[in-house]
Amino acid sequence: MSQSKKQTGGCLCGAVRYEVEGRLRDVIHCHCSMCQRFHGASGAYTKTDQSSINISRKRGLKWVASSLKARRGFCCECGSGLFWEPVDQPDMDPGMEPGMWIVAGTLDQPTGLATIGHIFVSQKADFVEITCGAPQFTEDFHDEIEGDE
Ligand SMILES: [Zn+2]
């Protein structure tokens, strides 16, 4: 877990930049079929409160509704995927609690974060072999991952 120093990040070309002031959750790798298409394999995500992130440069930022439940933020100038957040809905699924998921690779290094789990392993691409020792979950049981809040 990252302590509460200010952490910065952004897309490949710099048309999207952000700052996080507050806690960053350790990294969960999502292997769902949507992350496969969006990221090429799995999506490595940290997470923070919506109130803790300030998107300081938004010139390239576009949002796409990737499902009825969530939207993804990406840079329309360089194509980098940056954010995932649940869309407000009356009967929000468990595991869809509010918060901004941030593509961990867009953080400026060093992040101080560690991998704490893999989710949606049931949808994992067949060419991906998970070799790290972090716990694996068939679906979205990330609430059971130690260090997830
Ligand atoms: Zn960009």
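**Notes on the fold, cores and ring contacts**

1. Tyrosine 45 is buried, with a relative accessible area of 1%. Buried here means under 20% relative accessible area, exposed means over 50%, and partly exposed lies in between (1.4 Å probe, protein chains only). Tryptophan 101 is also buried, at 6%.

2. On the basis of these notes: this is a predicted model, in which local features need pLDDT of at least 70 and side-chain atom pairs count only at pLDDT 80 or more, while totals for chains, interfaces and linings use all residues. Residues are numbered from 1 along each chain as its sequence is written, and side-chain values use heavy atoms, with hydrogens and water left out.

3. Helices (H or I, at least four residues) and strands (E, at least two) are DSSP runs, numbered from the N terminus. Along the sequence the pattern reads β-β-β-α-β-β-β-β-β-β-β. Of the 149 residues in the protein chain, 46% are buried. Contact means heavy atoms within 4.5 Å. Among contacts between residues at least 6 apart in sequence, 54% join residues at least 24 apart.

4. Seven strands make up an open sheet of mixed pairing, in the order S6-S7-S8-S9-S4-S3-S10. Two strands pair if DSSP finds at least two bridges between them. S6 and strand S10 (115–119) are the edges; each has a single partner strand, so one side of each is left without a neighbour in the sheet. From one strand to the next the twist averages 30°; axes are lines fitted to C-alpha atoms, for helices over the stretch in contact, and angles run from 0 to 180 degrees between N-to-C directions. S6 pairs with strand S7 (residues 70–75) in the antiparallel sense, over five bridges. Valine 64 stands opposite arginine 72 in S7.

5. Three strands form an open sheet with antiparallel pairing, in the order S1-S2-S5. Strand S1 (6–10) and S5 are its edge strands, and each pairs on one side only. The twist averages 25° from one strand to the next. S2 and S5 run antiparallel and are joined by four bridges. Arginine 17 has arginine 57, in S5, as its bridge partner.

6. Serine 52 is located in the loop between strand S4 (43–48) and S5. With 13% relative accessibility, serine 52 counts as buried. Apart from neighbours within four places in sequence, serine 52 is in contact with Glu19, Val20 and Glu21.

7. A nonpolar core is a set of buried Ala, Val, Leu, Ile, Met, Phe, Trp, Tyr and Cys residues joined through side-chain atoms within 4.5 Å. The largest one has 18 residues, and those with the most contacts inside it are Val16, Tyr18, Ile53, Ile55, Leu82, Phe83 and Ile102. Two or more residues each come from strand S2 (17–21), strand S5 (53–57), strand S8 (81–86) and strand S9 (100–103). A second, separate core has 13 residues, among them Tyr45, Trp84, Trp101 and Phe137.

8. The whole structure holds four aromatic pairs. Rings of Phe, Tyr and Trp (its six-membered ring) pair if their centres lie within 6.5 Å; planes under 30 degrees apart count as stacked, over 60 as edge-to-face and the rest as tilted. Tyrosine 45 and tryptophan 101 have ring centres 6.0 Å apart and planes at 65°, so this pair is edge-to-face. Tyrosine 45 is in strand S4 and tryptophan 101 in strand S9, so the pair ties together parts 56 residues apart in sequence.

9. Tryptophan 63 and phenylalanine 83 form a stacked aromatic pair, 6.1 Å centre to centre with 25° between the planes. Tryptophan 63 lies in strand S6 (residues 61–65) and phenylalanine 83 in strand S8, so this pair ties together parts 20 residues apart in sequence. Tryptophan 63 is partly exposed at 28% relative accessible area, whereas phenylalanine 83 is buried at 0%. Tyr18, Trp63 and Phe83 form one aromatic cluster.

10. A charge sits over a ring if NZ of Lys or CZ of Arg is within 6 Å of the ring centre and within 35 degrees of the ring normal. Arginine 25 lies over the face of tryptophan 101, 4.3 Å from the ring centre. The charged end of arginine 71 sits over the ring of tryptophan 63, at 3.7 Å from its centre.
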